[in-house]
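Please open the model in a viewer and keep the selection tool at hand.

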Amino acid sequence: MDKYRVKPDEKINLSKFDTKDTSLWDKSKEKAKSEVIKLNEELEKLQELLYAERKHKILIVLQAMDTGGKDGVIRSVFEGVNPAGVRVASFKVPSPIEMDHDYLWRIHQQTPSKGELVIFNRSHYEDVLVVRVHNLVPKNIWSSRYEHINAFEKMLTDEGTTILKFFLHISKDVQKERLQERIDMPEKRWKFSSGDLKERLLWEDYQKAYEDMLQKTSTENAPWYIIPADRNWYRNYLISSIIIKELKKLDMKYPQPEEGIENLKVE
Ligand code: AMP
Ligand code: MG
């Protein structure tokens, strides 16, 4: 899995990363799907432990171009987890109140508490992506943000949060197919916004913004993973595997039960 992890300050050229890569899986797509179901059960158990122990905080950040598969990951990878301990925070265009604060204000409010796993569907990284591409603030403002973000995430990890960041990397061709599908399939139309077509025209600018983001904000404590995401099953398989591997490292334990209850009989 480490091959997908971005090393601190590693220069990234996204066009060199194969969005169709499936190299860590040598069996069929169907077998991968059943493997994800197995991993899912493992994740459920680990999340139960996380919730019971109430010690660690887990933050998962999902970033991607439109149609990159953020919603699909949330549906498939986290299927069956206990909603009492898992939350999705989606970040849209900031509200007027959010705009009146610094860009990390709304983010900090949504970070996980002890025992909680929070998935960010978009994140503070929009403030060096869409904000940069559309010149919503001048360059000297957005370019200072990498440093703020690293410091912010360092504070969170020092205080007991595990941060995993996934960039779902799709090709421009696959985005075309997926956008067309959103237009052609009535049950998918609700997801389509004509703004998506305007953003698509800025594909290259976004890739450049993503490359800088990956290079400047992948740290030892809060790494980025570049996930080949043209194939949903491989994307889900990788993300499930990485999350499970990291949760296992925490060596979580159920809290000590009350003493002497082993032989109690309930009348
Ligand atoms: P969606 O995720 O499809 O619901 O779209 C949410 C939209 O909100 C995307 O177009 C994002 O680029 C936009 N967005 C999220 N965060 C920000 C931000 N900080 N500034 C401007 N736009 C944002
Ligand atoms: Mg959208």
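For the helix pairs on this tour, an axis is a line fitted to C-alpha atoms over the stretch in contact, and the angle is taken between N-to-C directions. The model is a predicted one.

**First stop: H1 and H11**

Select residues 29-53, which form helix H1, together with H11; their axes lie 9 Å apart and the helices pack at an angle of about 30 degrees. Because angles under 35 degrees count as roughly parallel, H1 is roughly parallel to H11. The crossing of this pair is left-handed.

Next, display the side chains at the contact. On the H1 side, select Lys 29, Ala 32, Lys 33, Glu 35, Val 36, Leu 39, Glu 42, Leu 43 and Leu 46. Their partners in H11 are Trp 233, Asn 236, Tyr 237, Ser 240, Ser 241, Ile 243, Ile 244, Leu 247 and Lys 248. Coloured by class, the contact of H1 with H11 shows 10 nonpolar, three polar and five charged residues.

**Second stop: H2 and H11**

The crossing of H2 over H11 is right-handed.

Which residues of H2 meet H11? They are Gly 72, Val 73, Ser 76 and Val 77, and they face Arg 235, Asn 236, Ile 239, Ser 240 and Ile 243 in H11. By class, this contact of H2 with H11 comprises four nonpolar, four polar and one charged residues.

Setting aside neighbours within four places in sequence, Tyr 254 is in contact with Glu 48, Leu 49 and Ala 52.

Finally, centre the view on ligand 1 and select the residues around it: Phe 91, Lys 92, Val 93, Pro 94, Arg 106, Arg 122, Glu 126, Asp 127, Val 130 and Val 131.

- Lys 92: a side-chain N or O atom is 2.5 Å from an oxygen atom of ligand 1.
- Arg 122: a side-chain N or O atom is 2.6 Å from an oxygen atom of ligand 1.
- Arg 106: a side-chain N or O atom is 3.2 Å from a nitrogen atom of ligand 1.

Technical notes
Residues are numbered from 1 along each chain as its sequence is written. Chains are lettered from A and ligands numbered from 1 in the order in which they are written. This is a predicted model: local features need pLDDT of at least 70, side-chain atom pairs count only at pLDDT 80 or more; totals for chains, interfaces and linings use all residues. Side-chain values use heavy atoms; hydrogens and water are left out. A crossing is left-handed if the near helix is turned anticlockwise from the far one by less than a right angle, and right-handed if clockwise. Helices (H or I, at least four residues) and strands (E, at least two) are DSSP runs, numbered from the N terminus. Contact means heavy atoms within 4.5 Å. Ala, Val, Leu, Ile, Met, Phe, Trp, Tyr, Cys and Pro count as nonpolar, Asp, Glu, Lys and Arg as charged, and the others, Gly among them, as polar. A residue is near a molecule or strand if one of its heavy atoms lies within 4 Å of it. A polar contact is a pair of N or O atoms within 3.5 Å; within protein, one must be able to donate a hydrogen and the other to accept it, and residues adjacent in sequence count only if both atoms are side-chain atoms. Axes are lines fitted to C-alpha atoms, for helices over the stretch in contact, and angles run from 0 to 180 degrees between N-to-C directions. Angles under 35 degrees count as roughly parallel, over 145 as roughly antiparallel, 65 to 115 as roughly perpendicular and the rest as oblique.
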